[in-house]
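I opened this notebook to record what I looked up in one structure.

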Amino acid sequence: MPETTAPGATGTPPAMQNIDWNDFLKVELRVGRVLSARVFEQARKPAYILELDFGPEIGLRRSSAQLTALYAAADLVGRLVVAVVNFPPKQIGPLMSQCLVTGFHDADGAVALCVPDRDVPLGTRLL
């Protein structure tokens with residue numbers, strides 16, 4: 001795919017593909033609250049099994065999250081997180097993951113959560 005450059009821009013990194021607003025709207029990024037977190041013993045990489053509440057419209061979902069480097073399980077309970085809730089369920093070992101909790105890799109490769117900086121209603125969509 002050829003690289004495209006907007007007027008005045010220095011260029012788009014080759015790995016980045018532009019999307020339009022309708023593409024973005026397909027991704028349901030919602031706020032959920034961690035209800036429980038426990039070590040995912042069967043995971044190949046250290047991870048937690050999270051149970052999350054996305055409010056009455058979406059309800060409860062479970063996810064595997066590789067957050068062990070920066071977070072203790074007990075410290076996750078009660079936190080708000082941002083997750084993709086419209087991926088199809090994915091089997092991860094014995095767990096059927098129902099959403100993808102989002103985060104960013106730090107300089108050491110550990111995952112730091114993507115979180116709202118204020119309290120917002122559960123299920124609120126990121127826009």
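**Entry 1. Conventions.** I note that this is a predicted model, in which local features need pLDDT of at least 70, side-chain atom pairs count only at pLDDT 80 or more, and totals for chains, interfaces and linings use all residues. Residues are numbered from 1 along each chain as its sequence is written, and side-chain values use heavy atoms, with hydrogens and water left out.

**Entry 2. Overall make-up.** I looked up the secondary structure, taking helices (H or I, at least four residues) and strands (E, at least two) as DSSP runs numbered from the N terminus. The chain holds three helices and nine strands. Their sequence order reads α-β-β-α-β-α-β-β-β-β-β-β.

I then turned to burial, where buried means under 20% relative accessible area, exposed over 50%, and partly exposed in between (1.4 Å probe, protein chains only). Of the 127 residues in the chain, 33% count as buried.

For contacts I used heavy atoms within 4.5 Å. Among contacts in the chain with a separation of 6 or more, 58% join residues 24 or more positions apart.

I went through the pairings one by one.

- Strand 2 and strand 3 (residues 60–65) run antiparallel and are joined by six bridges; Ile 49 is placed opposite Ser 64 of strand 3.
- Strand 1 (residues 29–39) and strand 2 (residues 48–53) are also antiparallel, with six bridges. Ala 37 has Leu 50 as its bridge partner in strand 2, and Val 39 faces Tyr 48 in strand 2.
- Strand 1 and strand 4 are antiparallel and joined by five bridges, with Arg 33 opposite Leu 80 in strand 4.
- Strand 4 and strand 7 pair in the antiparallel sense over two bridges, where Val 84 has Leu 100 of strand 7 as its bridge partner.

**Entry 3. The core.** I next searched for nonpolar cores, each a set of buried Ala, Val, Leu, Ile, Met, Phe, Trp, Tyr and Cys residues joined through side-chain atoms within 4.5 Å. The largest has 19 residues, and Leu 50, Leu 52, Leu 67 and Leu 76 have the most contacts inside it. Two or more residues each come from strand 1, strand 2, helix 3 (73–76), strand 4 (80–84) and strand 9 (111–113). Strand 2 gives the most, with three residues.

I listed the neighbours of Leu 52, leaving out residues up to four places away in sequence: Arg 33, Val 34, Leu 35, Gly 59, Leu 60, Arg 61, Ser 63, Val 81, Cys 99 and Val 101.

**Entry 4. Phe 40.** I located Phe 40 in the loop between strand 1 and strand 2. Is Phe 40 buried or exposed? Its relative accessibility is 3%, so Phe 40 counts as buried. Beyond four places in sequence, Phe 40 touches Ala 47, Tyr 48, Ile 49, Ser 64, Ile 92, Pro 94 and Leu 95. Phe 40 and Leu 50 are ten residues apart in sequence, with a C-alpha to C-alpha distance of 9.1 Å.

**Entry 5. Aromatic pairs.** I counted ring pairs of Phe, Tyr and Trp (its six-membered ring) with centres within 6.5 Å; planes under 30 degrees apart are stacked, over 60 edge-to-face, and the rest tilted. The count is one aromatic pair. Trp 21 and Phe 24 form this tilted pair, at 5.4 Å centre to centre and 35 degrees between the planes. They are separated by about one helical turn because they stand three residues apart in helix 1 (residues 21–25). Trp 21 is exposed at 52% relative accessible area, whereas Phe 24 is partly exposed at 23%.

**Entry 6. Cysteines.** I searched the whole structure for disulfides (a pair of cysteine sulfur atoms within 2.5 Å) and found zero. Cys 99 is buried at 5% relative accessibility, and Cys 114 is buried at 19%.

Methods. Pairing = 2+ DSSP bridges.
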